[in-house]
Amino acid sequence: MLPAPTRSLDELTLGEGVKLEELVDREALGEILGSVYELFQIPLRIFSDDGRLLADVGRDVELYTYLNAFRKPRAAVDQVISAVKNAVPGADGGLTVPCVSGAEYQVSALEYDGRVIGRAILGPYVAPEADTSLGSLLSLDPALEADRVRELFARLPRAGAALVGKIVRHLASTLELVLFSEHRALLTSNMHLASVRESFRDLEDKNQKLQVAYDRLKELDRLKSNFLATVSHELRTPLTSIIGYSEMLSEGLVGELSSEQREFVLTIREKGEQLLALIKGLLDLSKFESGTMTLRKNNTDVAKVVREVTSTLQPTALRKDVRLEQAVEAGLPRIWADPERLRQILLNLTENAIKFTPTAGKVTLSARITGMEANSIAPEGGGMVILGAKRTAVEFRISDTGIGIPENEREKVFDAFYQVDSSSTREQGGTGLGLSIVKRLVDGHDGTVRIEANEPEGTVFVVTIPVRRATIG
Amino acid sequence: VQLDFVNRELTIKLVYYGPALSGKTTNLQALHKAAAPGASGRLMTLETRDDRTLFFDLLPLTFKSQGSLAVRLKVFTVPGQVIHSSTRRLVVQGADGIAFIADSRLSETQHNAESFMDLKQNLKEHGLTLRQMPLIIQFNKRDLPDVRSDEEIAQLAAQGREPVYMAVATRGLGAVESFIGLLHLTWSALNAEHDLDRKFGFDSRAFLASVAEKLGQNRALTEILGASVGGALDVLRPEAAS
């Protein structure tokens, strides 16, 4: 938690106002008085609004030191000084107080922002028109030596009303300027602190709102995944029955069908299987999103999986009059993968390739050994040279001579439900789920999948899967 | 507002709000320049960088009325730049009245609107609404090319609640009129709430006229108040006095 500013903006600008002793450093105040004293040799004191002495210069006046040795003169002088201390200057801001010594004091109000914040007392000094016979002073005590008193009196500074006025105005305006600067500095530091605090509070507010929104979204996401899993499951059960019974019908288990009836039943079965594939895809996707997809990885024979995939798809290719070839490098190592899921990856990509390749085209499924950057981003805490070393991997390339994928679409095809050209969905079938599942399955194997152009036309899907499990990440 | 019955003193806080570089500080400088000696203290500018206000400017004005009541006006500006929203919130806290200084240029229309919404939001954070707040709007920089037209502003102002002023603050034009309009609205609102006229034995109209005079206006108060387009400034207008 940040500390609270000592006083609010309103307190510092609107309320009681500022205090002299709070704003000005006493030593600095003494120095200002010192500079005035140096020029005019007149003693000077500054009192706060509540009567505390804040600074003074020239307090040792020889005449007064001498008078202090005598009881009656001392009492008389003390009385004047205490009167001066408590004197309240009039509306014009100034007040002259005569002293029993024949000298006088000038009391002036110090103002800031239209308010009295203290008093300045100048004196004792001797006005030009003062009575220098010193009769009343000498009459206080017969023990006073007249010559000595006159000598010390002569050493008191002289100042006319005009000079006194000038000194007081100079002092007041200097102080006002100092106070203004100090007040501004005080406000600035308070504002600094207050605005940092306010920004901090703002950010905390926003953080909290974001956290609430984030928690809500996470919960919604979980609900969505659950919903998807449940619905998929509930859909699959009746669908299995539809497919099963239409299969039995088409095989004539319950009596021979006319050719038209057979055709209809086969259509029911075919569409049922399409629907099943879609539901399986959705189920896979929801498993990925809910984080419940488990891969059963073991040392998998790549050549065997590739062989299975090509032989499974050979009839499909034949039906479309597309040439399907495989090219597996000899001596490929086994890779750390879930063979069932690897088969799904290759099956999906190869089936897609056949689907989008026109008659008399060619689809090739190849596999070869390659190197793979373990991590293209420097790992946190360093060690790139160790952790970023190349790893051995197997690269699968599925190339076709089909319509190709524009370069700017190549990233997006891996998004769920994305179709490069949605009109092709109706023509070619497909749900837009296949590639996003492929991407997630490849990710689950620490692998990468990307798309290259096939020259002169068509597409190459390149899947790279590391031979051994990753050391980091 | 701060009321001090013992010292017969009243402190009112007025805030100049608006988008960056719309002329809030310039308005205060114009008031400072126009004020008679003794009426205005030093214009305090807190922390600027490249002539941009970082925290606020503060112009203290003091007016002694009849009956020795001292009315202290503290006129603040806020920093206009968007990022200083939290500072604006601090400054606007406790404001008795607000002058919204808009930039007349067509290109600034959006910034004006954003700043106005920011003001609304910041008041809301203090539990206030614009409706409760005495507010005037000033269209500044009327001397620049490509500004919103007088007709357009007048037409919109006529539909609005708040008085609208035209100004060229760099030349001091409209600055005092806007200020008197704001002070008038603010005083009326405070008077309605605290019954100041009665408690302090105060003559609002005479006070406002004396402030205008101390700010170098020789015209009659009615004329000065009449400088606004649209809005409701009628509380002290003679025709509404009955």
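**Close-up 1. The loop between β1 (2-4) and β2 (9-17) of chain B holds Arg8(B).** In this predicted model, Arg8(B) has a positive phi of about 50°, although it is not a glycine. Strands here are DSSP runs of E with at least two residues, helices are runs of H or I with at least four, and both are numbered from the N terminus. Residues are numbered from 1 along each chain as its sequence is written, while chains are lettered from A and ligands numbered from 1 in the order in which they are written. Local features need pLDDT of at least 70 and side-chain atom pairs count only at pLDDT 80 or more, whereas totals for chains, interfaces and linings use all residues; side-chain values use heavy atoms, with hydrogens and water left out.

**Close-up 2. Strand β5 (residues 115-125) of chain A includes Pro124(A).** Look for the peptide bond from Gly123(A) to Pro124(A): this bond is cis, with omega near 5°.

**Close-up 3. Glu9(B) and Arg115(A) form a salt bridge.** The term means a side-chain nitrogen of Lys or Arg within 4 Å of a carboxyl oxygen of Asp or Glu. The closest N and O atoms of Glu9(B) and Arg115(A) are 2.3 Å apart. Glu9(B) lies in strand β2 of chain B and Arg115(A) in strand β5 of chain A, so this pair joins two chains. Another salt bridge links Arg72(B) with Asp113(A), whose closest N and O atoms are 3.1 Å apart.

**Close-up 4. Chain A meets chain B through 24 residues from chain A and 25 residues from chain B.** Contact means heavy atoms within 4.5 Å. About 2200 Å² is buried between the two chains, and carbon and sulfur atoms give 58% of that area. Buried area is the accessible area (1.4 Å probe) that two parts lose on being put together, summed over both. Leu14(A), Phe180(A) and Met191(A) supply 26% of the area that chain A buries against chain B, more than any other three residues.

**Close-up 5. Helix α8 (residues 161-250) of chain A crosses helix α2 (residues 85-92) of chain B.** Their axes come within 8 Å and cross at roughly 115°. Axes are lines fitted to C-alpha atoms, for helices over the stretch in contact, with angles running from 0 to 180 degrees between N-to-C directions. From α8(A), the residues making the contact include Met191(A), Ala194(A), Glu198(A) and Arg201(A); from α2(B), they include Ser86(B), Arg89(B) and Leu90(B).
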